[in-house]
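Morning, everyone. Have the sequence and the model open, please. I'll take a helix pair, then a set of strands.

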Number of protein chains: 2
Amino acid sequence: MTQPSDKALVPFVSVDNMMQLIHHIGVEEVLKGLAGYIEDDFKRWEQFDKTPRVASHSDVGVIELMPTSDGEAYGFKYVNGHPKNTSEGLQTVTAFGLLADVYTGYPVLLTEMTILTALRTAATSAMVAKYLAPKDATTMAMIGNGAQSEFQTLAMKAICGLKSVRLYDTDSKATEKCAKNLAGLGLEVVPCATPEDAIQGAQILTTCTADKQNATILTDNMVGVGVHINAIGGDCPGKTELAAAILNRSDVFVEYPPQTRIEGEIQQMDPDFAVTEFWQVVTGQKEGRRDPRQITLFDSVGFAIEDFSALRYIRDHIKGTDFFDDLDMLADPDDPRDLFGMLGRAKA
Amino acid sequence: MTQPSDKALVPFVSVDNMMQLIHHIGVEEVLKGLAGYIEDDFKRWEQFDKTPRVASHSDVGVIELMPTSDGEAYGFKYVNGHPKNTSEGLQTVTAFGLLADVYTGYPVLLTEMTILTALRTAATSAMVAKYLAPKDATTMAMIGNGAQSEFQTLAMKAICGLKSVRLYDTDSKATEKCAKNLAGLGLEVVPCATPEDAIQGAQILTTCTADKQNATILTDNMVGVGVHINAIGGDCPGKTELAAAILNRSDVFVEYPPQTRIEGEIQQMDPDFAVTEFWQVVTGQKEGRRDPRQITLFDSVGFAIEDFSALRYIRDHIKGTDFFDDLDMLADPDDPRDLFGMLGRAKA
């Protein structure tokens, strides 16, 4: 075997190494750390190349590439969305991502992102809730108890001081799984039999269901004044979770309007429906919550910059650890013009 | 360490394994095989999702994603283009690629593509020359003797019966390197001191230079009747190699017009400059060479479908071999909704 040069080796974080790294740091610490990286990147939102994700749709799902760059680093995520996968024993969403050096074009990190996406999505929700949720919010209704639910809950605990979560899912087995996973992590966990029960006393309402359809997980009369709605599950064309009347009563905050108008809850509304770009709240250019009776709504679809933040976080945190392998992924001959010669010399 | 399931493992072809696989099959056999896969995909061109590449430009280069899908498989390539890299001891172009199953969204192959791109670019040129070059073309002028030059030459030998190559580069060291690499491979190799010398007696003129500028590698008076021009190096905005007058005298064949009009030689021409989509020549809908005095010009910029063909080829040819490793890249919990539980169980 020929020996690749250092430049040809790309650090790779496998699923197992990602899990070990997370436990090494601590799940809540990782969520807080990610929220900090994401907040930092929201503060410099205008520095990024932004583009709606590049999607390839089929009858059963979608495969997407989500690239962005801050001029120094370039990142992209590969992610699929296949709602029917669950019934076949597969993940609805799997993902991996890559970070590269803009100056050389050489990749500098390849990592699993199925777990990392779950973490960054939760960290984003909690970072946003820190700005928008009512002061002293301590109770969240978690509607939809699938793969994202525990991460959402822990992030709200770690970042917003959540003390109690009220769980509801159309499938009680999902609620049982979520409650079991959250047991002993320092939260009151209350399984509920109906969505109406779940929202009792909750200042934060998180919806995260998986069906690809225009559903009404929250009806208008379920949403009282002063709450913060964290809507995660409306994230592709034809998939929404909230009654349109709720949107009309809420101040709606989004990541990147051109993408959210296609994929988010506001796909139900007119193209000029007023929204606030959340990064402007972080920079102080726009107000977040200004009134205890105001309903705030984070219409989250996930954006490439959040993945970029997560990739930066992992790049910085694997340094000096053993939680990665070096992948021989880039051909790097001694003489850059002599690719053929390198191939020839490998014959021996 | 937790044991990932089979579905979570993605076959990965490293640079070293790619080189070993190529030698196992034989370089010329690989070039012929790739040309066959590419030709098959050009025949079913209309079945593909096609989009111009997704580019992120900086002052010193570009990073691109090139996705496509035939409805069953989805492929994309990551590729950078940094002309200044050579002077810093790095590759101008590095690449890797991925193939996924459209039905599940799960990746099924990750592979280095720096070497594979060099092979598929050469295989495409030769497959096209088979249709467009004059009958019994036996001599090629190879102008630009960088990383692509030996691959172009060998592909023309393997697929078109080339017997003699005439080399020219502004840097004589590049010509020496190319001549040395081609020695003993069954071709007459003639280093030339000027481009005018290189084109003497050549029926195929291949230009493949690397400077990012509008250069004139071939002037109008250098191009006689009846030749086939294989223009490889005009492949990004602001980078061309041919005098516009040559284009006016030629029948121009392209891969995907929306991309070629931005990146190819025809970026110099009006937006309605007449071109033939080469796939229509393969299917018989359009004529290729129809006259021995005709000048044919393949204005090649590289297209995602060629990478897709190359990925299919590698997927099919690593089966039953040891030329790949399994990467633990996809989180795949027993219960797809229990990602958090999988993470928790990894703590032990």
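A quick definition before the helices. A helix axis here is a line fitted to C-alpha atoms over the stretch in contact, and angles run from 0 to 180 degrees between N-to-C directions. Keep in mind that this is a predicted model.

Start with the helices of chain A. Helix α1 covers residues 15–25, and helix α2 covers residues 27–43. Their axes come within 6 Å. They cross at roughly 95°. An angle of 65 to 115 degrees counts as roughly perpendicular, so α1(A) and α2(A) are roughly perpendicular to each other.

Which residues meet there? From α1(A), we have A:Ile22, A:His23 and A:Ile25. From α2(A), they meet A:Val27, A:Glu29 and A:Val30. By type, this contact has 4 nonpolar residues, 1 polar and 1 charged.

Now the strands, still in chain A. Look at β5, residues 95–101.

What pairs with β5(A)? On one count, strand β4, residues 73–81, pairs with β5(A) in the antiparallel sense over 7 bridges. Find A:Phe76; its bridge partner in β5(A) is A:Leu98.

Strand β6, residues 107–112, also runs antiparallel to β5(A), joined by 5 bridges. Here A:Phe96 has A:Glu112 in β6(A) as its bridge partner.

Last stop, the hairpin of β5(A) and β6(A). It has 5 residues between the strands. A:Gly105 takes a positive phi there, near 80°.

How values were computed
Residues are numbered from 1 along each chain as its sequence is written. Chains are lettered from A and ligands numbered from 1 in the order in which they are written. This is a predicted model: local features need pLDDT of at least 70, side-chain atom pairs count only at pLDDT 80 or more; totals for chains, interfaces and linings use all residues. Side-chain values use heavy atoms; hydrogens and water are left out. Helices (H or I, at least four residues) and strands (E, at least two) are DSSP runs, numbered from the N terminus. Angles under 35 degrees count as roughly parallel, over 145 as roughly antiparallel, 65 to 115 as roughly perpendicular and the rest as oblique. Contact means heavy atoms within 4.5 Å. Ala, Val, Leu, Ile, Met, Phe, Trp, Tyr, Cys and Pro count as nonpolar, Asp, Glu, Lys and Arg as charged, and the others, Gly among them, as polar. Buried means under 20% relative accessible area, exposed over 50%, partly exposed in between (1.4 Å probe, protein chains only). Two strands pair if DSSP finds at least two bridges between them.
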